[in-house]
Structure formats: C-alpha cells, structure tokens
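Subject: Handover of a structure

Dear colleague,

Please find below the structure that I am passing on to you.

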Amino acid sequence: MYPYGLAKNPFPSAATPGNEDIMLLGGERHKKAKSLAVACVEDIENKIQQEDGATQFRLVTVTQDVGSGKTHLALHLRNCRELSDKAMVSFTDLSQLLPRTIINFYNAMMKGFSKHHFDQLRQAILNDLQERAARDDGKDCRKVFGYSLWDRLKGNSLETKKRLILDNRFSHNKKALEKVFSKSFTEAEISMIQSIVGIDAGFNPPEVENLNEMLFNLGALAKINRRFLDRVTVFEIDECDSDRSSMDLLKAMINLHLPSTVLLVVLTPAAYEDIRNCNSSLYDRLEKANYRIDLAGSNALEEISEIILEYITFGRKQKPIDASEQADIRKKVKILYEEFPEFRNIRSMINVMYHTIERASRNSSRTIDEHTLDQTITSIYPGLKLRENFMSVPISEFIKIAEESMNIEEIKSRVAMAIKALLNCASDNGRVTKDALLRKNGRRIEVEFDDFVGRKTSLEFSIVNGNSESVGISAIQQQDDNQLESSMKPGILSPDVNQERASMQVQVNRHVLVDLLYFGNKYSNNQVGNDEVHRALALGESLNLY
C-alpha cells in the first residue's frame, strides 16, 4: 500500500525516464519550453502550406545544467499528443554513442524513431500503392503486391495482399516498387522506401559509408515522411559536446538545411562554452538558432514543488491530493531544497521522492512523514549531514522543528527556555557565564531569530530566580541595516543609560534556532550526552553567552 492512495510509485527510479515516465511533463518552465517546440513544428507546417516549399528547416537549442530536465523534455516531445499527427521525432543520446563514427551516428539517429512511427509510415506507403493499383493504369503497382490474374480469379483482394505484407507473411516486389517510384523519387529515396516497406523484425536503414551519404539518407527520410504522412521530421540530439566528429556532423546538418526538418540540439552551458572555444563556426550557427530554449529557473523551488505534486496527481489518475497534504509536501520539499544543496535540481529531488515513497509503503504510512524522510536520506545518502548546525540534529528532528518554528506563538517560550538551558548547562560544566550579571542587575536578554518563512521575531525575557519569564515580544518584517548593526550585535550590552532596562542582545539564524530548540528539548528531558555537552557549549559561545 503506497501513501496518498497511490496504486504504485509514480516517480521514476532511473536517471533517464522510461516510456511511461515521459508522458508527464510538470513545471511551468518545461511546459513553456514544450509550447515553443510545438510552435516551431507548426511554423514549418504553415510555411510549407503557404509557399509549397519542402525545404523548410529550423534549428532549436535547449540548454541548462545537468539535472534540469532537458532529456525528459526531449523524450516527452517524441511521444506527446500535440505532435503525434504533426511530426516524426527521433531521439539520439550521444553520451551512449561510442565510438562516434559516421556509421554509428547514422544508425543511432535512424533507430531513434519509435517503431510505431515506422509502422505508420510503412502503412501509409502501402496505402498509396494500393490506391494507385486499383486504377486501370496501376499494373506496376499491382505487381508490387504480387497481385496477379490468378488472385483475381480466386477472389483475393489488394487489401488481402497488403495485409499479408504488413503481417510480414509476404514480401513486396522490389523491382516493381522501384519502377513505380523512379519518376518521383531519387535513388537514395527509393532505397529508403524499400527498407521501410520491407520491415520485418525491425527497421534496417540503407547502409552509408561517408558523411554525404548519411546526409542524403536523412534528407530522403524527411522527404518520404512529408510525402506520405504529411509530417515534419524532428531530429533530437541529446548530450551534445565538443567532440570533433559530433561538431562536424551538426555543422553539416545545419548547413545542408534538411527538408521539412527540425534539428533540436540539447546541451549544457559548459558544453556550449566548449564548442565556442573549439569550433567558432558551429558556435555561430547555434547562436543564430531559430528558437533558443533556456531552462533557467527549472530548478527553482516553486518549479520543483509543482513537478513533485504533478507526479503524485498523475499517480492518482489525475485526482489531486487535498490542500493540507499538498501544503505538507511543499513544506518538506522546501526544507530539503534549502538545507541540502544536493537536492537543488529536479533529478535529485525526484530520486529522493522515489525512495521516500517506497519506504513509506514499507512503513505502511499514509503520508510522507519526518521519520520516513530521515530513514530515506540516511540510507541512500549515508554521508549527508546538516552543514551549518552545531548540534548533531537528526534530519527528521530538523524537519520537525523547522515546521514547528513556523508557529511563532508556540516557539517564543521554547526559545527563552532553550537559552536558559544553555546557561544552566554552562554553569553545570564550570563555565563562567553572564547569568549572574543578568540576575544581579535585573537585566534582560533580547533575542532576534529567523524562522523558515523569512520572518524575523524579537523576543525579550528576564531571568528571575532561575526561571525564564517572557516580558516582551514583537514580530518584525524588516529592519534598517544601520539600526540592526548598531543595536543588535550578538553578546554586546546595550548602551542604554537606564541600567534597569539594559539587556544583552543575541541574534539567531534559522539553523541555530533549530540547534537551540533541539538542545532545549533534550535538556528538559535529561537526555544530553557527553558529546552533546561539548556541542552545546560551542553553541553558547557562538551566541556570546559566556
């Protein structure tokens, strides 16, 4: 049983998404990028219809850092509904292509189309031949199907013969097909048609020996695709870099202007800069791309949160979880994002969520709680620690305290008690503290602390007979920098001439706030170990309490 009523884990378990994973595209930035890619294909279609030109070519670049969802976007475009009747899309991952020879590059690009696309193209070609064979002058077309007088006498139809070819139970007549298309297609194009119609176990494109033959065949396929399916051809090249063979091929494809084609190049900013340094000619062409899609901002907190929620909604068959659960997930994603630089990209966050959902299922948890997150991160990232905390705060406790700190009214007294606990701990361990000075003069401690939603809160309390007594509290949103610098320096006594109101002022950032509350809880429950005493003393020193 998975949490949130999920039938199975909706998050992908691999770095590169599978066929089912790519059906979902979340996040506003990725959706805008998809709209641009679709608009590019529609632009070519409109130009071809208006000018009756089959040489329309567009160059698109998609850039951003590793883990920003570039590959997911490219794979999604290959199978998305918006392009299903407009384009035939090939996806090639250069990171898996070794060595990068012309032949390997060519075969990878041809195999980058889905089998479904070639099945559609094969049937479209045979449908065209069948229509022409049915006419009085369709003798040569009928020969393609091996349709004879004997078939007519037996009552066999052209549809039956076509079906036998589609079912791979009968081979077409290659010589007849060449004769039929010899007037309207080049030799390279006819060779490509022969390969498509003759598909059995899989598509085997015509062989090539050099770059020119490769480009001719790519152009042939684009022309055939346009002629029989009325679609644009899209070649997506992922993980582009400064490899010399790759750069030469990209430049040649751009220069040739393959007909009715979109060339979509996916690369990181670092790879883009390498190309700039290694091949200024190719760099200049990439700079002049018709569409330049930058996924900057795709790793922003809000974007990642939306993608996480969309995965869960997708797993629930488009039924969103309720508002309180959404808010809870957003809070946990925010804490992970802000406290761990390792999780500040969508790929890493999805990986965490995949393992967290699996562990929640094993724990029979209805939601993702702090304990489950702690177990997950500890198991899959064993060396990961909170870097800015003095105390060894478990991740589950950090998340719990961070969420509790958003309730100011609940936290105020706990902050005062925690500072008192630090002073007592220091006294118990022989440290000279300012506690006696504060009690003697009846002075107060003023604390200004940050929470996890960007607020600052001021808290003033006095220490009377060993007890913390809250005497004044105010919540502030912003403070003048000069005022803050002059009046809120940690551990500095106020120059207030009224000695009865003089106070020691302490500033606490959100990480120290968690340390304080964590230590305060342990101290009040007599659970402070020897190692934690040393950490607590260091925490007190950082606040200039002694």
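This is a predicted model: local features need pLDDT of at least 70, side-chain atom pairs count only at pLDDT 80 or more; totals for chains, interfaces and linings use all residues.

The chain has 546 residues, of which 51% count as buried. Its secondary structure consists of 23 helices and 10 strands. Among the contacts in the chain with a separation of 6 or more, 72% are between residues 24 or more positions apart.

Two packed helices are described by the angle between their axes and by the distance between those axes. On the α4 side the contact is made by R122, Q123, L126, N127, Q130 and A133, and on the α7 side by L158, E159, K162, R163, I165 and L166. Sorted by class, the residues of this contact are five nonpolar, three polar and four charged.

The second pair is α16 (residues 346-362) and α17 (residues 370-380), whose axes are 9 Å apart and meet at an angle of about 120°. Helices α16 and α17 are therefore oblique to each other. The crossing of α16 past α17 is right-handed. Here N351, V352, H355, T356, R359 and A360 of α16 touch T372, L373, Q375, T376, S379 and I380 of α17. This contact comprises four nonpolar, seven polar and one charged residues.

Helix α2, at residues 70-79, is mostly covered, with nine of its 10 residues buried. The buried residues in α2 are K70, T71, H72, L73, A74, L75, H76, L77 and R78.

Finally, I turn to the cysteines. A disulfide is a covalent bond between the sulfur atoms of two cysteines. How many disulfides does the count give? The count comes to zero. Are C40 and C141 buried or exposed? Residues under 20% relative accessible area count as buried. C40 has a relative accessible area of 1% and is therefore buried. C141, at 5%, is buried as well.

With kind regards

Conventions
Residues are numbered from 1 along each chain as its sequence is written. Side-chain values use heavy atoms; hydrogens and water are left out. Axes are lines fitted to C-alpha atoms, for helices over the stretch in contact, and angles run from 0 to 180 degrees between N-to-C directions. Helices (H or I, at least four residues) and strands (E, at least two) are DSSP runs, numbered from the N terminus. Angles under 35 degrees count as roughly parallel, over 145 as roughly antiparallel, 65 to 115 as roughly perpendicular and the rest as oblique. A crossing is left-handed if the near helix is turned anticlockwise from the far one by less than a right angle, and right-handed if clockwise. Contact means heavy atoms within 4.5 Å. Ala, Val, Leu, Ile, Met, Phe, Trp, Tyr, Cys and Pro count as nonpolar, Asp, Glu, Lys and Arg as charged, and the others, Gly among them, as polar. A disulfide is a pair of cysteine sulfur atoms within 2.5 Å. Buried means under 20% relative accessible area, exposed over 50%, partly exposed in between (1.4 Å probe, protein chains only).
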